[in-house]
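Please consult the sequence and the structure while reading.

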Amino acid sequence: MELNFENKYKDRTPEETIDILESFFKERGYQLIKVPTNSDIGTYSYYIQLRYNDVIVLISNGKGVNEKFALASALGELYERFCQYGYHAYNKTFMSRIVPN
């Protein structure tokens, strides 16, 4: 793989990251609640809730120079947390105990 130091992202564009990670969670039955914010100084951020049957399972925040970078950052953080705590977040037996049908 050739390294490109001209781009402003790592391995994938923000759009690719967003598509991949949104699909990952939706295919597993989770809902994503995304709340964008921006500041007066031109920075952007996203707050995301990962829900299962309308119960919040995990949350994350991300920031970036525009909305796409901020959303990709927040989704990346959410994915990292899911990988860390994912057994409980994805384990349907565990979830059925805390989320009524």
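## A buried glutamate and its partners

Glutamate 22 has a relative accessibility of 13% and therefore counts as buried, since the cut-off for that class is under 20%. The model under discussion is predicted.

Glutamate 22 belongs to helix α1, which covers residues 14–27. When its neighbours within four places in sequence are set aside, the residues in contact with glutamate 22 are Leu32, Lys34, Leu71 and Leu75.

Which residue forms a salt bridge with glutamate 22? The partner is lysine 34, and the closest N and O atoms of the pair are 2.5 Å apart. Because glutamate 22 lies in helix α1 and lysine 34 in strand β1 (residues 31–38), the pair ties together parts that are 12 residues apart in sequence. Lysine 34 has a relative accessibility of 33%, so this residue counts as partly exposed, whereas glutamate 22 is buried.

As a general principle, side chains of opposite charge can pair when their charged atoms come close.

Arginine 81 is partly exposed, its relative accessible area being 31%. Glutamate 77 likewise counts as partly exposed, at 25% relative accessibility.

The pairs are listed below.

| Salt bridge | Closest N and O atoms |
|---|---|
| Glutamate 22 and lysine 34 | 2.5 Å |

## The nonpolar core

Attention now turns to the nonpolar residues. The largest nonpolar core has 18 residues. Those with the most contacts inside this core are Phe25, Leu32, Ile48, Leu50, Leu75, Leu78 and Phe82. Helix α1, strand β2 (44–52) and helix α2 (67–90) each supply at least two residues of the core. Which element gives the most to this core? The answer is α2, with 7 residues.

Isoleucine 48 illustrates how such a residue is surrounded. Not counting residues up to four places away in sequence, isoleucine 48 touches Leu32, Ile33, Lys34, Leu58, Ile59, Ser60, Leu71, Ala74, Leu75 and Leu78. Among these is Lys34, the salt-bridge partner of glutamate 22. Leu32, Leu71 and Leu75 are touched by isoleucine 48 and are also in contact with glutamate 22.

Definitions and conventions: Residues are numbered from 1 along each chain as its sequence is written. This is a predicted model: local features need pLDDT of at least 70, side-chain atom pairs count only at pLDDT 80 or more; totals for chains, interfaces and linings use all residues. Side-chain values use heavy atoms; hydrogens and water are left out. Helices (H or I, at least four residues) and strands (E, at least two) are DSSP runs, numbered from the N terminus. Buried means under 20% relative accessible area, exposed over 50%, partly exposed in between (1.4 Å probe, protein chains only). Contact means heavy atoms within 4.5 Å. A nonpolar core is a set of buried Ala, Val, Leu, Ile, Met, Phe, Trp, Tyr and Cys residues joined through side-chain atoms within 4.5 Å. A salt bridge is a side-chain nitrogen of Lys or Arg within 4 Å of a carboxyl oxygen of Asp or Glu.
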